Structures are given as structure tokens and as C-alpha cells.
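Here is a short briefing for a first look at a protein model. Keep the structure open while you read.

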Amino acid sequence: AYNNRGTLYYEQGKADLALSDFNQAININPRLAPAYVNRGVLYYYRLEREKAIRDLRQAAELYRQQGNAAAYEKVMKLLRLLGAV
């Protein structure tokens, strides 16, 4: 629920509220890969590149462990665009 609300906040331009919700989603479930993707994208747009890369790498690893090849490839594409792979 926090991840979904964070996405809504992000779409409304409420980045601080979105970040808070993504953090809460990760605290509740540290294996929730979409929350890491969302937080990573938010960090990227806040020009916090290293944090973005860290979160996107975590999401990719979780997707790999969970056997979600399609999501893994999407995150890896983002990482390649950032020059982090």
C-alpha cells in the first residue's frame, strides 16, 4: 500500500511524501523490488545518482532472485542507461 501511495504522490509532484512512503514500504518488506525501482527513479530525478544506482541494483538482484526475468531486464536497461553496468 505504501509503494502504491508513494507512486501517486510522485505523480502529483510530492517527492518528499513519495520518498517517505517508498522508505516505509521497504522497511515493511525489504524484498519488495518495485519499491526500490520507484525510489531509485525518484532519486535519479532528484539528481542523487549514486542512491539511484544503489536502489536499482538492489531491485535487479531481487527480481533475479525471484525469477522475474522481464522486470530484471527492464531494471538492467535503466542501469545501462545510467552507465552503471
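E61 and R64 sit three residues apart in helix α4 (residues 49-65), about one turn of the helix. Helices here are DSSP runs of H or I with at least four residues, and they are numbered from the N terminus. This is a predicted model: local features need pLDDT of at least 70, side-chain atom pairs count only at pLDDT 80 or more, and totals for chains, interfaces and linings use all residues. Residues are numbered from 1 along each chain as its sequence is written, and side-chain values use heavy atoms, with hydrogens and water left out.

**Salt bridges**

- The side chains of E61 and R64 meet in a salt bridge, at 2.5 Å from N to O. The term means a side-chain nitrogen of Lys or Arg within 4 Å of a carboxyl oxygen of Asp or Glu.
- Side chains of opposite charge can pair when their charged atoms come close.
- E61 is partly exposed because its relative accessibility is 30%. R64 is also partly exposed, at a relative accessible area of 48%. Buried means under 20% relative accessible area, exposed means over 50%, and partly exposed lies in between (1.4 Å probe, protein chains only).
- One network, joined by salt bridges that share partners, holds D16, R46, E48 and K51.
- The structure holds nine salt bridges.
- R46 forms a salt bridge with E48, and their closest N and O atoms are 3.5 Å apart.
- R46 has 33% relative accessibility, so R46 counts as partly exposed. E48 is partly exposed too, with a relative accessible area of 23%.
- R54 forms a salt bridge with D55, with 3.8 Å between the closest N and O atoms.
- R54 is partly exposed, at a relative accessible area of 46%. D55 is buried, with a relative accessible area of 2%.

**A residue of helix α4: L62**

- L62 lies in helix α4.
- Its relative accessibility is 3%, so L62 counts as buried.
- L62 touches P30, R31, L32, A33 and Y36, leaving aside residues up to four places away in sequence. Contact means heavy atoms within 4.5 Å.
- L62 and P34 are 28 residues apart in sequence. In space, their C-alpha atoms are 9.4 Å apart.

**A residue of helix α1: N3**

- N3 belongs to helix α1 (residues 2-11).
- N3 counts as buried because its relative accessibility is 10%.
- The side chain of N3 makes a polar contact with the side chain of N38, at 2.8 Å. A polar contact is a pair of N or O atoms within 3.5 Å; within protein, one must be able to donate a hydrogen and the other to accept it, and residues adjacent in sequence count only if both atoms are side-chain atoms.
- N3 touches F22, A25, L32, P34, A35 and N38, again not counting residues up to four places away in sequence.

**How α1 meets α3**

- α1 and helix α3 (residues 33-45) pack at an angle of about 25°, and their axes are 10 Å apart. Axes are lines fitted to C-alpha atoms, for helices over the stretch in contact; angles run from 0 to 180 degrees between N-to-C directions.
- α1 and α3 are therefore roughly parallel to each other. Angles under 35 degrees count as roughly parallel, over 145 as roughly antiparallel, 65 to 115 as roughly perpendicular, and the rest as oblique.
- On the α1 side, N3, T7 and Y10 make the contact. On the α3 side are P34, A35, N38, V41, L42 and Y45.

Definitions and conventions: Helix = DSSP H or I, 4+ residues; strand = E, 2+ residues; numbered from the N terminus.
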